[in-house]
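Please open the structure in a viewer and keep the selection tool at hand.

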Amino acid sequence: MRLPIYQIDAFAPRVFGGNPAAIVPLDSWLPDSVMQSIAAENNLAETAFFVPEGEDYALRWFTPAVEVDLCGHATLASAHLIFSRMTPGRGQVRFTTRSGPLTVTRQGEMLALELPARPPEPCSSPPGLEAAFGRAPKEVMAARDYLLVYESEADIRALNPDMARIATLDRFAAIVTAPGTDCDFVSRFFAPGQGVPEDPVTGSAHCTLIPYWSKRLGKSRLSARQLSARGGELMCEDRGARVVVAGRAVLYLEGSIFI
């Protein structure tokens with residue numbers, strides 16, 4: 001069997017930045033074990049698979065280790081492929097997913113992705129959290145992921161987390177965040193237990209980051225930067241039950257899978 005595959009850098013204006021995602025468009029679903037094996041072979045944070053569903057698409061995401069319920073950057077990358085190669089005149093695409101319907105809209109050179117909001121709630125610090133990050137945060141909150149709030153961007157850059165300890169925490173992942181020096185907030189994201197030690201740019205983390213910073217700063221439109229080695233920039237909006245993350249995407253690679 002021969003399958004098309006594309007690698008797209010999401011939340012980046014040019015290649016070698018943002019978060020790379022592999023995209024495999026399908027006519028019908030492959031067995032779950034085959035899709036998981038393809039994702040493991042790709043060894044990227046996410047591989048997305050989508051199947052036409054009328055005018056929409058059903059979309060699924062796999063890390064090298066597990067299928068996940070939500071992935072922002074691979075959704076943005078999938079939309080970029082549809083807009084640029086499959087239906088170039090289209091202005092919006094809708095995906096059906098485990099997290100409900102997700103829409104991506106063209107906004108000039110930007111792609112705006114609407115996601116469900118996951119506002120964090122204050123929580124007690126779980127055992128091992130401070131040891132995992134090497135310094136105590138100012139505040140600990142949680143939604144799907146732990147949210148650790150620090151004083152400054154310099155604190156976020158200086159963190160050298162212990163991935164083995166983070167993998168033992170009782171949440172999907174851990175987000176660290178602080179005010180930015182030239183943007184509203186910065187963050188990093190760690191999910192070693194899900195096969196993603198540090199994610200370059202994480203759309204789903206902003207389901208929690210946007211409600212937190214919107215409330216703290218008293219504004220609905222925000223600029224954000226993820227401080228991974230590759231880095232990424234996002235324009236964000238708080239819409240209450242939904243949030244929007246917007247960025248650019250660029251095709252890096254296209255080819256074929258033979259299985």
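Which strands each supply at least two residues of the lining of the largest pocket? Select β15 (221-226), β16 (232-238) and β17 (242-247), for these are the strands in question. The model on display is a predicted one.

**The largest pocket**

Among these strands, β16 gives the largest share of the lining, 4 residues. The space in the largest pocket comes to about 310 Å³. Its lining is made up of 21 residues, and those closest to the centre are Phe11, Ala12, Pro13, Gly232 and Glu233. Colour the lining by class: 9 residues are nonpolar, 6 are polar and 6 are charged.

The largest cavity has a volume of about 120 Å³. To find its centre, select Glu46, Phe189, Asp199, Thr202 and Ser204, the closest to the centre of the 18 residues that line the largest cavity. Then select α2 (72-86) and β13 (185-191), each of which supplies at least two residues of this lining. By class, the lining holds 8 nonpolar, 7 polar and 3 charged residues.

**Helix α6**

Select residues 206-217, which form helix α6. Of its 12 residues, 9 are buried, so the helix is largely enclosed by the rest of the structure. The buried residues include His206, Leu209, Ile210, Tyr212 and Trp213. Just after α6, select Gly218, which takes a positive phi of about 70°.

**Aromatic pairs**

The whole structure contains 7 aromatic pairs. Begin with Phe49 and Phe62: their ring centres are 5.6 Å apart and their planes lie at 90°, so the pair is edge-to-face. Phe49 belongs to strand β3 (residues 46-53) and Phe62 to strand β4 (residues 56-62), and the two are 13 residues apart. Both Phe49 and Phe62 are buried.

Now select Phe50 and Tyr57, an edge-to-face pair with 5.2 Å from centre to centre and 75° between the planes. Are these two residues buried or exposed? Phe50 has a relative accessible area of 1% and is therefore buried; Tyr57, at 8% relative accessibility, also counts as buried.

**Charges over rings**

Finally, select Arg60 and Trp29: the charged end of Arg60 sits over the ring of Trp29, 5.2 Å from its centre. At the last stop, the charged end of Arg171 sits over the ring of Tyr146, 5.5 Å from the ring centre.

Terms used. Residues are numbered from 1 along each chain as its sequence is written. This is a predicted model: local features need pLDDT of at least 70, side-chain atom pairs count only at pLDDT 80 or more; totals for chains, interfaces and linings use all residues. Side-chain values use heavy atoms; hydrogens and water are left out. On a 1 Å grid over the protein atoms alone, a cavity is a set of points where a 1.4 Å probe fits but cannot get out, and a pocket is an open set with protein on both sides within 12 Å along at least five of seven lines; lining residues have an atom within 4 Å of a point. Grid points are joined across faces, edges and corners, and a volume is the space filled by probe spheres set on the points. Ala, Val, Leu, Ile, Met, Phe, Trp, Tyr, Cys and Pro count as nonpolar, Asp, Glu, Lys and Arg as charged, and the others, Gly among them, as polar. Buried means under 20% relative accessible area, exposed over 50%, partly exposed in between (1.4 Å probe, protein chains only). Rings of Phe, Tyr and Trp (its six-membered ring) pair if their centres lie within 6.5 Å; planes under 30 degrees apart count as stacked, over 60 as edge-to-face and the rest as tilted. A charge sits over a ring if NZ of Lys or CZ of Arg is within 6 Å of the ring centre and within 35 degrees of the ring normal.
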